[in-house]
Amino acid sequence: MAAPNIETIVSLSKRRGFVFPASDIYGGLGSSWDYGSLGAELANNIKQSWWRWLVHERDDIEGLDSSIIQNRLVWKYSGHETTFSDPLVDCRNCKARLRQDKLELKRSESGITIGESKPEYVCPNCGSSDFTEPRDFNLMFRTTVGAASSDEDESALAYLRPETAQGIFINFKNVLDSSRRKLPFGIAQIGKAFRNEITPGNFIFRTREFEQMEMEYFCRPEDAPRIHQEFIDEFQKWFYSLGISAANLKLYEQTAEELAHYAARTVDILYRFFPERDDEKRQFDELMGIANRTDFDLKTHSKKPEDSEGRRLNPDSQEDLSYFDEATKQRFYPYVIEPAVGVNRTLLAILMDAYTEKTNEKGETRVILKLKSELAPVKVAVLPLAKNKPEIVAMAKDLKRQLLPAMRTVYDDTGGIGKLYARQDEIGTPFCVTVDHESLEDNRVTVRDRDTWEQERIAIADLKEYLMRKLYV
Ligand code: ATP
């Protein structure tokens with residue numbers, strides 16, 4: 001089972017403190033969201049999983065944390081100043097501003113697309129097909145740098161990065177020289193990115209400020225197709241390891257028209273973010289993209305690009321980012337394979353997939369978030385069965401203190417035990433530990449499993465080891 005729609009996750013998130021609307025007390029700010037205690041914890045766990053898997057468990061990837069604001073020339077030579085735009089149209093009827101490439105095509109009753117030579121679209125707000133001509137809308141947020149700058153001063157113009165990737169390319173030589181790496185190797189980075197999206201929405205699916213986990217893997221041109229395919233396979237497995245079911249993931253091969261100008265091949269991993277839609281194809285949308293970016297990036301940022309067609313001569317760069325292969329004595333620009341994934345979309349997919357409802361013996365429906373232990377914001381809740389009995393409360397609080405250094409543990413005595421269990425199930429806490437009257441006699445506690453609701457009596461002396469084994473093995 002998974003959540004029936006994003007709305008279910010929106011209300012759970014607000015109720016339990018995963019995600020709140022940003023600037024809420026001032027009426028909000030379109031499609032901006034703040035992450036509460038549980039959301040921040042879950043996001044951190046996702047990032048840690050990604051980082052550990054790529055940077056720690058493999059031995060061919062280095063980490064990086066580059067600046068959000070870079071020299072404007074980075075975005076000139078990356079092509080973002082001229083090409084990082086979406087086609088903007090206005091609906092002449094309801095005045096909505098919309099991204100043309102995300103509009104539904106107009107269909108006749110027989111289902112055939114209307115408009116033979118020029119496609120016609122439908123406004124999702126009012127159903128009209130009367131749009132202005134599309135114009136390119138650049139998605140980069142502009143800002144100014146320095147105390148004396150004014151908004152008109154072009155020399156002070158800078159951008160908030162729209163992707164983390166460029167920070168990696170411009171540091172290629174720094175990392176290469178300092179780490180003494182040889183090809184193939186990767187550089188990984190997690191950080192915020194900003195895009196002035198024309199139509200943000202669907203909760204945290206598309207926002208103007210979001211977080212990316214990007215890795216650029218540098219390799220010999222002839223190895224790029226194989227390595228590309230390997231990362232496509234590996235990333236699907238990573239999503240499975242986070243608990244996302246294969247039935248809700250799908251691969252999408254970008255067509256020649258859709259490919260970015262620098263890409264040789266791009267495959268998107270889609271997730272079923274919109275299960276409520278009738279058309280199965282429209283149920284899926286992008287979770288991540290995995291691109292073969294060729295040698296475009298290193299070449300374009302290089303002082304002397306050795307392009308036989310003489311393209312993109314860069315007079316501003318101070319470095320040549322080519323690679324010298326000691327073995328073959330050849331110099332060339334490495335190809336780049338880029339798996340790029342959003343933290344926020346991953347978090348949404350994980351919440352949707354983990355969402356389950358279960359009916360108890362009283363016929364009440366309970367929400368259970370079946371999160372993988374590794375991701376769960378809280379690993380263990382210690383609950384006293386009688387909060388008016390000081391010895392029980394003291395024992396429970398002491399247990400919490402003992403467990404805290406090894407696993408995130410909370411104490412809760414603000415309701416009856418049924419309610420306390422339900423509260424923990426709803427936020428995905430894998431285990432509840434209950435201290436009762438007998439515990440005072442036999443030094444044993446009840447451990448309850450979130451998914452099966454089964455209970456086991458465990459000696460306090462063995463509790464930590466028991467939980468560690470269950471949580472992490
Ligand atoms: P889309 O087609 O949905 O606009 P994109 O193809 O432009 O996305 P990429 O540039 O490939 O996205 O970015 C890599 C990843 O970053 C995406 O797969 C997604 O997970 C995340 N991402 C991109 N834009 C946003 C956004 N506005 N809000 C949240 N996450 C985003």
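Where in the chain does Thr-434 sit? The place of Thr-434 is in strand S23, residues 431-435. Before I go on, a word on ground rules: this is a predicted model, where local features need pLDDT of at least 70, side-chain atom pairs count only at pLDDT 80 or more, and totals for chains, interfaces and linings use all residues. Residues are numbered from 1 along each chain as its sequence is written, and side-chain values use heavy atoms, with hydrogens and water left out.

OK, the overall picture. The protein chain has 14 helices and 25 strands; these are DSSP runs numbered from the N terminus, with helices being H or I of at least four residues and strands being E of at least two. Its C-alpha atoms fill a box of roughly 85 × 65 × 50 Å along the principal axes. Of the 473 residues of the protein chain, 49% count as buried. Buried means under 20% relative accessible area, exposed means over 50%, and partly exposed is in between, with a 1.4 Å probe and protein chains only.

Back to Thr-434. Thr-434 counts as buried because its relative accessible area is 4%. The side chain of Thr-434 also makes a polar contact with the side chain of Tyr-421, at 2.8 Å. A polar contact is a pair of N or O atoms within 3.5 Å; within protein, one must be able to donate a hydrogen and the other to accept it, and residues adjacent in sequence count only if both atoms are side-chain atoms.

Two loop residues next. Asn-171 is in the loop between helix H5 (165-169) and helix H6 (172-179), and at 18% relative accessibility Asn-171 counts as buried. Its side chain reaches the backbone oxygen of Gly-167 at 2.8 Å. Ser-129 is in the loop between strand S7 (121-122) and strand S8 (135-138). Is Ser-129 buried or partly exposed? Ser-129 is partly exposed, because its relative accessibility is 25%.

Now the ligand. There are 16 residues around the ligand, and the closest are Glu-197, Arg-206, Thr-207, Glu-286 and Leu-287. To count as near, a residue needs a heavy atom within 4 Å. A polar side-chain atom of Glu-197 is 2.7 Å from a nitrogen atom of the ligand, and a polar backbone atom of Phe-205 is 3.4 Å from a ligand nitrogen. On the oxygen side, a polar backbone atom of Gly-342 lies 3.0 Å from an oxygen atom of the ligand. The protein covers 85% of the 590 Å² of accessible area that the ligand has on its own, with areas from the Shrake-Rupley method and a 1.4 Å probe; for residues, only the protein chains shown count as cover.

Which elements give two or more residues to that shell? They are strand S12 (209-219), strand S15 (285-292) and strand S18 (335-342). S15 gives the largest share, four residues.

Last stop, a pair of residues: the C-alpha atoms of Ser-129 and Leu-242 are 113 residues apart along the chain and separated by 42 Å.
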